[in-house]
Amino acid sequence: MDVNCSYQEVRAVLADCLDEAEELLSEKSLAEFVEGIELLCMMGRGAEPVLVYMEEAAEIARHTSGKMVYPAAKTAYQISRSPNAAAIVPFLQSLAEISRRLEEPKLLQGYLDIVLEMVERTSISIHGSHATMASPGLIPFLEKAPVLLGELTIGGLKRWMDYGIAQHSHHPDHLAEFFSLESADSRAVMQRERHGTLLVDMERRLDLFELALWKIDASIYPYSRMLDDRSDPRPYYDDKGIFLPDVYDDLDNGISGMDQYRAALAHMAGHRRWTAPVFADNRSPMQRIAIETFEDSRIEYLLMQEYPGLRRIFQALHPVPVEDECDGKHESCIRHRLTMLSRAILDPDHDYRNPDLLEFVQRFFEIMEKGDTTTMDVELLGIQYMARTQADALPNVWFKDTEISYRDDNRNLWQFYELDDDEDFHVEPTELEETEPDDTLPPRHYPEWDYTTQTYRPDWASVYETLHPSEDAAYIDGLLRKHDRLAKQIKRMLDLLKPQNYQRIRYQEEGTELDLDIAIRSLIDYKTGHNPDPRINISHKHNDRNIAVTILLDLSESLAQPVGNTGQTLLELEQEAVSLLAWAIEQLGDSFSIAGFHSNTRHEVRYYHIKGFSEGWNMDVKGRLAAMGAGYSTRMGAAMRHAAHYLEHQKSDKKLLLVITDGEPADIDVRDEKHLIEDSRMAVRELDQLGIYSYCINLDPKADEYVADIFGNQYSIIDKLESLPEKLPKLFLALTK
C-alpha cells in the first residue's frame, strides 16, 4: 500500500506498522489510518508526531474502535494549526492510556472535543483577533488527563476544565498551575466532581469506630490515589497517624464506601495490635510477598474471631481469582497464586483444587487453632510456601484479580538492619527547639460564590479565629458613663420590652387552674338544661424572649478615619455604640456574642472573638472591646459564614446576625469590584436558609449604591455618624420587638 509521506524515518517502519494494523483494522479503518499518516506528514511538524501516531493507533483501535484512529490524527492536525505545536506529541502519547479508560468511541470523541476546546479557549491572543501564543495549560492538561479520567467522568473532566479556564484565563501562570493539579482550587474542584464516599464526610464516624472497637486514638488523614507518588497507593499507617484514600466508590455488590473504610481501618488496627516487625534483609522479594499474604490472613482471622460480622465485608472486597486463568507461560503467576491462597483462607466455600494451596491452607488453620500466634509463625509458613511453589521467574507479572484494596502496604511489617546501624544516635525530645505558643486555631475553609460562572469556588477563603487581645476594661465603663443620659432613656424602653414570665390563656379544656367566670357560666348552663362550655380551665404560656444575636463588626482599615469635627475616629464611635448595645442586650437577657473581622487576601481572613454566647457582660469582654483596632480589608462573605457556623447551633426561636460595617466588601486580591458584593449576597441567602436573619448597619453615606444588592431591604444607613451610639441600640430594640 502506497503512502504519501517523504519522511525517511516513517518509511523505514511503515511496512511493519501496516502489517500490524491489518490484523486489527477493517479495510475501511485501515484506509483511514493511512489517511491519518498522510495528514500528519502533510502538516510539516517533522517525523516524530507521525511515528508516535503510528505506534499509538493500534492501542486506540484495540481499546475503542478502528473508526477512532483517523479522528485522533485529525485532532492532532487541528492542534498544529494553532500556536500549540509543542503539544502534539504529548497529545498523541497520552491517547493509548486515554483509550483504555474511555472504551466507548463516543466518550473518546468527547475527549477529543474537550482538547480542541481547550486549545481554542486558552491559547493567548495579544491583539484579540487570533491566538498568537501557546496555551500555558494545554500540555499540563494533556499530561494529567489519563490520571484525571481514572477518577472523573468525561463530564466531570469538562466541568473541571471549564472552572479552570473561567477562573484563571487572565493569568498564564495560574492557568498552568491549575491544569497541572498544583493549585488548591484545582484539587478542590476535582474532588467536588468525584463520586463516592468521601473520607472528609466520614472522618468523625471512623474516629469513633477505631476508638470504640480497637481502642486506638490515632489521627486519620486522607490521601489521593490519583495524586499519590507511590506506585501502589494503598492505605498505610505510621507514627503520624492512619492514612486512607480520600474517596471510595460504592460497589455493585452492595458494599458501601463506608464499609470499605471500616474494612481498611479494621485491618490496620489488627496490624497495630498483633503484628511484630520482622527483618527483611535476608528475604527475597517473592518471600516477602508470601509472608505479607500469610500475615494479612492471620490478622483477618483474629479480627473475625473478635467481630464475626467483618467476614461479610472482607469476602465481598477480596477478589476471587479464577484458578487456571494464569498459565505461567507468558507471565509470572506468583501474585495470582497468593491471592487464591488468601481467598481460600478467608472463604471456607472456595472451590480451588490445587493440592499445594489446600495443604498450606490446612497448615495455616492448624497454627491458628493453637492460639497465641505470632508473626514469626506465619513468616516460616510463607518461606516454605515459596520454596514449594515458586517455579516461574518471568519479568511480566499477572495482576488481574490480585488487588486487595482494603489491605495496607505492610510497611510496618518489615525492619532493616541497615536502619539500625546508628541506633544510639538520636535526639531526646527535651533537646528539640520549643515553638512559641499560638492561640490561633487551624483555619476553617469556606467556599466563595463566583457570579461569573454561577458556581462556588470550593474551600476558597481561609478563616483564622482567635480570642481578641485585651486592654483596660475601665475605658468601656467610661464610655457608658459618658452616655449616662442616653442609657437611662434606653432603660425606659427596655422596661416596656421586658417580657412577662407567663401569659394566661383562657378557654382551655385542660389547664393548670380553674377559670371561675367560665366555670360558673357553664354550671348555670348545665342547671338550665343547656350544653355547658367544657373550656373552663386556664393554661399559661411561657412568654420569655428567645433570641440569639451575633454582632459582627467590620474592623477594616477605613475605621481609623476621623468623623467630621468630632475629634473621634469611626472606630471610637463604633466602640461607644457597641458598648451601649451590649449593655442593652444584657439588660433584656438575650443571648448574644460579639465578633470582629478583617482580611488580608482570601488566605487570611481574621475572625476575633470578643464575647461568646456563654460569657456575661463582664470585665474580660469589656477589655477585649476596649482593645479593638482597625486594619486590612473587608471580606464580608467569609466572615458571615463563619459567624453563622456558631449562631446556627444556638437553641433559640429567632437568630439575628447584625453586621456593622462602614463600606462595601473588598480585598486586595480581588480585581472585580462586584465579586465580593455578589459573594456576600449569596452568604445572606445561605444564612436565610439556615433560619438566620441578617441585618446590616452601614456607616457609609454612599452605601445606597451596593448595600441593597447584598441585604435586600434588611439594612439601615447611618448618615450622621456621630448619632451612632444613640441610634444603634434603638434600632436593635425595634428589630427584636
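My notes on the chain and on one helix follow.

I am working with a predicted model, where local features need pLDDT of at least 70, side-chain atom pairs count only at pLDDT 80 or more, and totals for chains, interfaces and linings use all residues. Residues are numbered from 1 along each chain as its sequence is written, and side-chain values use heavy atoms, with hydrogens and water left out.

**Whole chain.** I looked up the secondary structure and found 26 helices and 18 strands (DSSP runs, H or I of at least four residues for helices, E of at least two for strands, numbered from the N terminus). The C-alpha trace spans about 105 × 80 × 80 Å along its principal axes. I then checked the radius of gyration: the protein chain has 36 Å, whereas a compact globule of 737 residues would have one near 27 Å (taken over C-alpha atoms; the rule is 2.2 Å times the number of residues to the power 0.38). Buried residues make up 50% of the 737 (buried means under 20% relative accessible area, 1.4 Å probe, protein chains only).

**Helix α24.** I picked residues 673-689, a helix of 17 residues that reaches 26 Å from its first C-alpha to its last, close to the 24 Å expected at 1.5 Å a residue (1.5 Å times one less than its number of residues). Its buried residues include His 675, Glu 678, Asp 679, Met 682 and Glu 686. Among the elements covering the buried residues of α24, I noted β9 (455-467), α23 (636-647) and β17 (692-698).

Terms used. Contact = heavy atoms within 4.5 Å.
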